[in-house]
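Work through the exercises below with the sequence and the model open. Each task is followed by a solution in steps.

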Amino acid sequence: MSFSAEWLALREPVDHRSVSASLRAEAAARFASRSDMRVLDMGCGSGSNLRGLAPFLGASQHWTLADWDERLLAHARAALMRWADEAREEGEALALRKADKSVRVDFLKVDLARDVERALDAAPDLVTAAAFFDLVSAEWIARFAQAMAQRRLPLYTVLTYDGRESWSPAHDADSAMLAAFHLHQGKDKGFGPAAGPAAARALADAFAAQGYDVRRAPSPWRIGALEGAPEGALFGELAKGAAQAVRETGALAPALIEDWLAMRLDAGIGGRACEIGHEDAFACPR
Ligand SMILES: C[S@@+](CC[C@H](N)C(=O)[O-])C[C@H]1O[C@@H](n2cnc3c(N)ncnc32)[C@H](O)[C@@H]1O
């Protein structure tokens with residue numbers, strides 16, 4: 001499954017403001033005494049997770065950004081060079097300065113469905129991922145938790161879709177649309193049948209079974225559809241994406257889907273908004 005850089009850019013500001021600040025502070029506190037640390041970001045896309053998290057970690061950081069999509073890795077490189085106050089290319093790597101942080105970045109093209117162990121062998125101090133775990137299967141999560149436990153690695157992950165959604169104003173088809181959307185979420189995205197809305201729970205259970213302390217916190221998107229505001233674009237794309245996913249399942253009558261979508265996109269309807277449930281987790285070996 002591929003993701004467009006435009007879609008990732010649209011969601012980045014909402015992602016950053018939605019993550020749980022208290023759980024992020026807990027994760028950062030664990031490394032507070034470290035002046036130097038290595039971080040692996042799985043499914044990095046355009047590098048949004050680094051831009052969101054690096055300001056809260058120590059003065060000297062070395063990130064490995066892992067993704068299988070070469071195009072997104074190139075976008076990440078360009079976006080990080082724009083984001084940094086100073087940027088230098090050192091061969092394939094980047095040496096960045098942002099405020100008081102020095103951040104070295106390596107890029108790793110890897111299919112995490114097959115080779116997650118290879119990515120973990122980069123010996124990070126922390127493994128992180130954003131908006132990633134709902135794509136993978138429960139079986140893959142169990143294998144990943146075992147590989148993490150063997151290396152005693154902590155995991156801090158944000159924005160795993162948790163299946164809860166509410167759209168305003170209400171439409172009669174909301175529950176049927178959500179049930180069909182969840183059917184689509186379970187499709188194989190390259191890791192076996194996707195855990196989708198069950199991913200956050202599966203992740204917590206798999207790490208607890210490996211003897212980890214697991215802390216969880218909600219990180220819902222709360223999005224309004226104000227005309228002309230950037231969020232309006234995200235709201236519209238979300239509604240269109242949900243309708244397209246439901247169409248692909250064949251579970252609902254096309255006219256019902258179109259009616260639901262028309263209501264979501266009707267700028268004449270006031271108070272259009274949605275809340276999309278996500279969860280963050282911080283899992284540490286005891
Ligand atoms: C929803 S996007 C999230 C991107 C980024 N973490 C963010 O928050 O903007 C999921 C990412 O997982 C990557 N991905 C999906 N399947 C993958 C695989 N088998 N191996 C490596 N990366 C994968 C996609 O290319 C995409 O960048």
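**Exercise 1: the ligand shell**

By class, the shell around the ligand has 13 nonpolar, 3 polar and 3 charged residues. The model is a predicted one.

Solution. 
1. The ligand is surrounded by 19 residues, and the closest are Gly43, Asp67, Asp111, Leu112 and Ala130.
2. For a polar backbone atom of Gly43, the distance to a ligand nitrogen is 2.7 Å.
3. The ligand taken alone exposes 590 Å², of which the protein buries 98%.

**Exercise 2: a pair within one helix**

Task: Where do Asp15 and Arg11 lie in helix H1 relative to each other, and is Asp15 buried or exposed?

Solution. 
1. Asp15 and Arg11 form a salt bridge, with 2.9 Å between the closest N and O atoms.
2. The two are 4 residues apart in helix H1 (residues 5–18), so about one helical turn separates them.
3. Asp15 has a relative accessible area of 6% and is therefore buried; Arg11, at 11%, is buried too.

**Exercise 3: pairs between elements**

Task: Which parts of the chain does the pair Arg51 and Glu12 link, and how accessible is Glu26?

Solution. 
1. Arg51 and Glu12 form a salt bridge at 2.8 Å, N to O.
2. This pair links helix H3 (residues 48–53), which holds Arg51, to helix H1, which holds Glu12, across 39 residues.
3. Both Arg51 and Glu12 are buried.
4. Glu26 forms a salt bridge with Arg215, the closest N and O atoms being 2.8 Å apart.
5. Glu26 is in helix H2 (residues 21–30) and Arg215 in strand E8 (residues 212–218), 189 residues apart.
6. Glu26 is partly exposed at 31% relative accessibility, and Arg215 is partly exposed at 45%.

Definitions and conventions: Residues are numbered from 1 along each chain as its sequence is written. This is a predicted model: local features need pLDDT of at least 70, side-chain atom pairs count only at pLDDT 80 or more; totals for chains, interfaces and linings use all residues. Side-chain values use heavy atoms; hydrogens and water are left out. A residue is near a molecule or strand if one of its heavy atoms lies within 4 Å of it. A polar contact is a pair of N or O atoms within 3.5 Å; within protein, one must be able to donate a hydrogen and the other to accept it, and residues adjacent in sequence count only if both atoms are side-chain atoms. Accessible areas come from the Shrake-Rupley method with a 1.4 Å probe; for residues, only the protein chains shown count as cover. Ala, Val, Leu, Ile, Met, Phe, Trp, Tyr, Cys and Pro count as nonpolar, Asp, Glu, Lys and Arg as charged, and the others, Gly among them, as polar. A salt bridge is a side-chain nitrogen of Lys or Arg within 4 Å of a carboxyl oxygen of Asp or Glu. Buried means under 20% relative accessible area, exposed over 50%, partly exposed in between (1.4 Å probe, protein chains only).
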